[in-house]
Protein chains: 4
Amino acid sequence: MLGIALLGSGRMAHVYGPKINAHPMLDLVTIFNPNLESAQRAASQYGGQASSDLEVVLADPRVDAVVIATPTTTHLEYIQACAKAGKPIYCEKPLDQSLERTQACLTTLEEHPVPFMLGFNRRFDPDVAQLQAAVRNNEIGALTFLMSWSREPAPPPIEYVKRSGGYFVDASIHDIDLICWITGERPVEVFAAGSCLFDPAIGENGDVDATMTTLKMPSGCLAHINNSRSCAYGFDQRLEAFGRDGMLQTSNHRDNNLIRWDATATQAKQPLKHFFLERYDASFYFALDEFYQAVSEGRQPSSTQHDGKLALEVALACERSRREGRAISL
Amino acid sequence: MLGIALLGSGRMAHVYGPKINAHPMLDLVTIFNPNLESAQRAASQYGGQASSDLEVVLADPRVDAVVIATPTTTHLEYIQACAKAGKPIYCEKPLDQSLERTQACLTTLEEHPVPFMLGFNRRFDPDVAQLQAAVRNNEIGALTFLMSWSREPAPPPIEYVKRSGGYFVDASIHDIDLICWITGERPVEVFAAGSCLFDPAIGENGDVDATMTTLKMPSGCLAHINNSRSCAYGFDQRLEAFGRDGMLQTSNHRDNNLIRWDATATQAKQPLKHFFLERYDASFYFALDEFYQAVSEGRQPSSTQHDGKLALEVALACERSRREGRAISL
Amino acid sequence: MLGIALLGSGRMAHVYGPKINAHPMLDLVTIFNPNLESAQRAASQYGGQASSDLEVVLADPRVDAVVIATPTTTHLEYIQACAKAGKPIYCEKPLDQSLERTQACLTTLEEHPVPFMLGFNRRFDPDVAQLQAAVRNNEIGALTFLMSWSREPAPPPIEYVKRSGGYFVDASIHDIDLICWITGERPVEVFAAGSCLFDPAIGENGDVDATMTTLKMPSGCLAHINNSRSCAYGFDQRLEAFGRDGMLQTSNHRDNNLIRWDATATQAKQPLKHFFLERYDASFYFALDEFYQAVSEGRQPSSTQHDGKLALEVALACERSRREGRAISL
Amino acid sequence: MLGIALLGSGRMAHVYGPKINAHPMLDLVTIFNPNLESAQRAASQYGGQASSDLEVVLADPRVDAVVIATPTTTHLEYIQACAKAGKPIYCEKPLDQSLERTQACLTTLEEHPVPFMLGFNRRFDPDVAQLQAAVRNNEIGALTFLMSWSREPAPPPIEYVKRSGGYFVDASIHDIDLICWITGERPVEVFAAGSCLFDPAIGENGDVDATMTTLKMPSGCLAHINNSRSCAYGFDQRLEAFGRDGMLQTSNHRDNNLIRWDATATQAKQPLKHFFLERYDASFYFALDEFYQAVSEGRQPSSTQHDGKLALEVALACERSRREGRAISL
């Protein structure tokens, strides 16, 4: 068993709490929050002790590893503390919105080389994972095109948008990570176009809510990212990998698969899974499992701080491409 | 080129006229109808001469073969005349509604053994033909189950129903023929259940408009026929063949394949093909082509009078099973 | 919270153990097995105490209700003990294979009217539940046809078959229950045909491994059951409800929905969910939840001993129909 | 009836010949080719006279209109001759590969304003036409994204590539036309990326065989074109229109829709329609019908020389964008 300290008791902590409990080899020892009451409320739901003192948590010999699910701006501070304490770290993405602070995380982890996993959970979705494995096993030959759709059901509150770092850094970063991970390549050039078509407040803030991005990979493979802050029919999540010998596609998910035939249509009336917590629910469990396996085997997890830095660099280049209306070389 | 005399200028003649014209090796020489005006109207549309004198038509040396598309009750008379004249015959199904008159057709064709094709056109639909070929090529192993759905968009006029010979003889006969043809077997037992759920006038006439039929084949394969005189979403035509090594299914057809996603559903809004003339349009062409090939090669066509008699015998047994509420052995 | 005693520690107990733990309002107090060691092994996995003394278990004030997951032949005995002790009962299906002993269960529950739920778990599968709700809400109008497919991946060991009560009692009973539940009707006539096409040992035992069954309902609705002990492509589970105004279909489930296009085919290569424990995994949780809700609200659960008796009666009539080759009235 | 002179007797003339014959209101009067023997061979297949003298053809009072299906380099010359003769013209696309000669066509048609239709046949495909109509009828709200896939089964001979004007001018021009036609807008900016991944000879010739193109429309709608000269699974032709209120997708076509389930996969084994002549076969008929309707009604057809010029301008900008690695404003 691996004793876990869960840092944070907000929204993402409520995602990880039940997943830690469901994993047969993880034991939730402590939930930490500087706000003790919040930690106590979470502990009463998921078990474990509550604490507002990180030093005490990290000194607890039952704590074998930490899961950081706190606000993004606190990641650097907690990574530094945990790495110095020698604890293996699972950290919710992103490392940070700024490249400087992201680099500071990497430097810390070079100085204190604990196993570190960045929670790019979509990689651990069964559909996505099998597509990646099939591509890497050369089942469709050399990749020609890779396309990733992420369309959200509705724009977030404008306050969220203002703090988000821009649409590319906030959201496209997932698609960028999947493209780098599936191809096994770093893009050499990006071109991004964007429009504000759904929420004028987003445009007034200098951001966009509908984007198309082209990434050119060293092998010549071309990638496309299709992002929208609004989607009338729900949370649209698809991948299409087109290779020399064939194509692989993932499909959207629904709560049931009932098909209705009537005088006007043949239809699936069940809407798509609501948003990422529902669509990618299982992926958080499989991500924690990868963390457990890596720590148990004394190896680095398959999704690391370097992947986080790469995705951020590409996302920032996309933002620049959109603003300057030109292709950006990397 | 094969010179064709088309007997009849009613609904089915308007199906065969354009198909004869479209076939590069068939030449429409004459259209015959005892009502000369009707024959002339059809000839002005599809070409060829018009005639109301069958003797003259059959004596015409340009007439190499005949296509009989007249009312069912006249089939026996015209088959006798054409067979005696030594002309290869393509006859629209069924031979006749009565077993006695059907047997008279067979006797005539024994005495005058011209190539004879019965127009079981559904066999020549590309989907159906490929399913049959795959089954016969043992692609799914020994057959366990064979299921055939035929649900019509709306009940026919009650006058049609009264003359139809009953729902099994009128409609299930198609499914029965496909089952015998795909399995290559003659059923040994049938059980049919029926209800009148759509048009009370059909029930008052002693007939039914919704049936489920089980056929047991000598190999142990079980077949199911699912027939309805009404179908809210159009003309539902499906086959499912389940064998030891796999399953084959045909799908319904639409005029286009547009998929719509909106807040309430993901749907194909295009209705199904309206009825048999639309759904099986191509099959009439391919059936004529089989007739042409058989005549050219001096062989019997693949769908004969014997198939017509078998299907009628089984349909009559289904009718008896439904009326007597018991399984009937054949 | 509802304290639960789990009776049994075999295969089905291992299904219910984790589901009881996952339910926020159920508390696993005790696991009972006459074989104490087996109970202890299960308790070490799922928590709670282990006991081999049923009297002690039923006298424990923390035990609010029981879940019976023992071998079928023991159901009557445990139902009697638990009902006399006044405990609400959730019992794995079937009540018993014999109609006499099934009736004894009903008599016991009349004398000791505790809330009693029979675990017809397929009703609680989300696809099935939504289909039933849509039919009952009249979304497709009066039902014309209801079809249920259950094809198992491979025949069970012959020893299992010998004790199974015959294919209809062992397996079709699920389809029968769904048909009665969805239509809200009791069949008035059944006709069943069967073949032995997969395992000759099953035939030598007087049983069959492929069946087609027709049920006639009082409303005129016709139902079809399609059962096979073998299925090359996995566990095939489908429903099709055809009504006056439309049709509803459920689809099979896979572990992922990857679509592959290559030079030979467009395909889903992922096999179907392996068997009922995988396909209907979620349904066991929802069935327990219905039990919890019913007990909490002081009402009868939606799936009772009467449903169990009805399904058994119909299954026995199917068996008789198959053996006697005739329709059986109920 | 509209008397037609068909100019050309090569590959595209063999597409139009049967379609002219199939149309009830078109009459094929003459087939013209400077090579009289070629014209005679075609006339023996499709009817009409053969001629190698264009003046005689255009002076024939039975010739009401012309269909130009000659090599692209001859279009300008024949358009000039036919326009001066006052004949309505249907011209196979493109007008010309050069913008100068394309402009010369437009100037000619300004001076001699005969009804002129450019054969952008894909617009007349039933799936495409219904998608466009639905978008224009505002069924999915304001467009956010429009995506067009055209992947060819195999690279053309390198000699063809050399004369093709480049991949964008040769092929993407279809997708560009559909995007302009469906949105009803002219792009304001394009960015194109390309790779040579299939046939190195194409790369040695300075061209590419895999491209991704982004078009920005004045409304803010973003369009994506996905082109490949090779596709392992056949001729991949899809459209996806994503609007504020929903999405519309077209699907690929097969010769049959048989679904196979076996131990390894659930699959459609029938390949996609081979190439554009098969996939878009019906569209040529509907395009000619639009020409007939327009001439009959004395109006301009819905696809004109101006559409041809616009698509060429955009395609040339794409080529420039790819070569210069930057976005091009229009």
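How many bridges join β13(A) to strand β12 of chain C, and do the two run parallel or antiparallel? Four bridges join β13(A) to β12(C) (residues 246–249), and the strands run antiparallel. Two strands count as paired if DSSP finds at least two bridges between them. Helices (H or I, at least four residues) and strands (E, at least two) are DSSP runs, numbered from the N terminus.

The model is predicted: local features need pLDDT of at least 70, side-chain atom pairs count only at pLDDT 80 or more, and totals for chains, interfaces and linings use all residues. Residues are numbered from 1 along each chain as its sequence is written, while chains are lettered from A and ligands numbered from 1 in the order in which they are written.

A:Ile259 stands opposite C:Gln249. β13(A) also pairs inside its own chain. Two bridges join it to strand β14 (residues 266–268) of chain A, again antiparallel. Here A:Arg260 stands opposite A:Gln267. β13(A) and β14(A) form a hairpin, with three residues between them. In a regular strand the side chains alternate between the two faces of the sheet.

The contact between chains A and C takes 19 residues from each of the two chains. Residues are in contact if their C-beta atoms, placed from the backbone, lie within 7 Å. On the side of chain A that touches chain C, the elements giving two or more residues are α6 (126–136), β12 (246–249) and β13 (259–262). By class, this side has seven nonpolar, seven polar and five charged residues. Ala, Val, Leu, Ile, Met, Phe, Trp, Tyr, Cys and Pro count as nonpolar, Asp, Glu, Lys and Arg as charged, and the others, Gly among them, as polar. Of the interface residues of chain A, 100% are also interface residues in chain C, so the copies meet through the same surface.

A rotation of 180 degrees, with 0.0 Å of shift along its axis, superposes chain A on chain C at an RMSD of 0.0 Å. The two copies are thus related as by a two-fold rotation axis. Superposition is by least squares on the C-alpha atoms of residues with pLDDT of at least 70 in both copies. A:Ala22 is the residue of chain A that comes closest to this axis, its C-alpha lying at 4.3 Å.

Chain A also meets chain D. This contact takes 25 residues from chain A and 25 residues from chain D. In chain A, β7 (143–151), β8 (189–195), β9 (210–216), β10 (222–228) and β12 each supply at least two residues of the side that touches chain D. That side has 12 nonpolar, nine polar and four charged residues. Here too, 100% of the interface residues of chain A are interface residues in chain D, so the copies meet through the same surface.

Chain A is assigned two parts, domain 1 (2–114) and domain 2 (123–300 + 305–329); the bounds come from an automatic or database domain assignment. Their C-alpha centres lie 26 Å apart. The contact takes 21 residues from domain 1 and 17 residues from domain 2. On the domain 1 side, α1 (11–22) and α5 (99–111) each supply at least two residues. This side has 16 nonpolar, three polar and two charged residues.

The largest nonpolar core has 115 residues. Such a core is a set of buried Ala, Val, Leu, Ile, Met, Phe, Trp, Tyr and Cys residues joined through C-beta atoms within 7 Å. A residue is buried if 20 or more other C-beta atoms lie within 10 Å of its own, exposed if 12 or fewer, and partly exposed in between, with C-beta atoms placed from the backbone. B:Leu146 and C:Leu146 are among the residues with the most contacts inside this core. B:Leu146 touches residues including B:Ile179, B:Cys221 and B:Ala241. Apart from this core lies another, of 114 residues, including A:Trp181 and D:Phe191.

Notes
Lists of a residue's contacts leave out its neighbours within four places in sequence.
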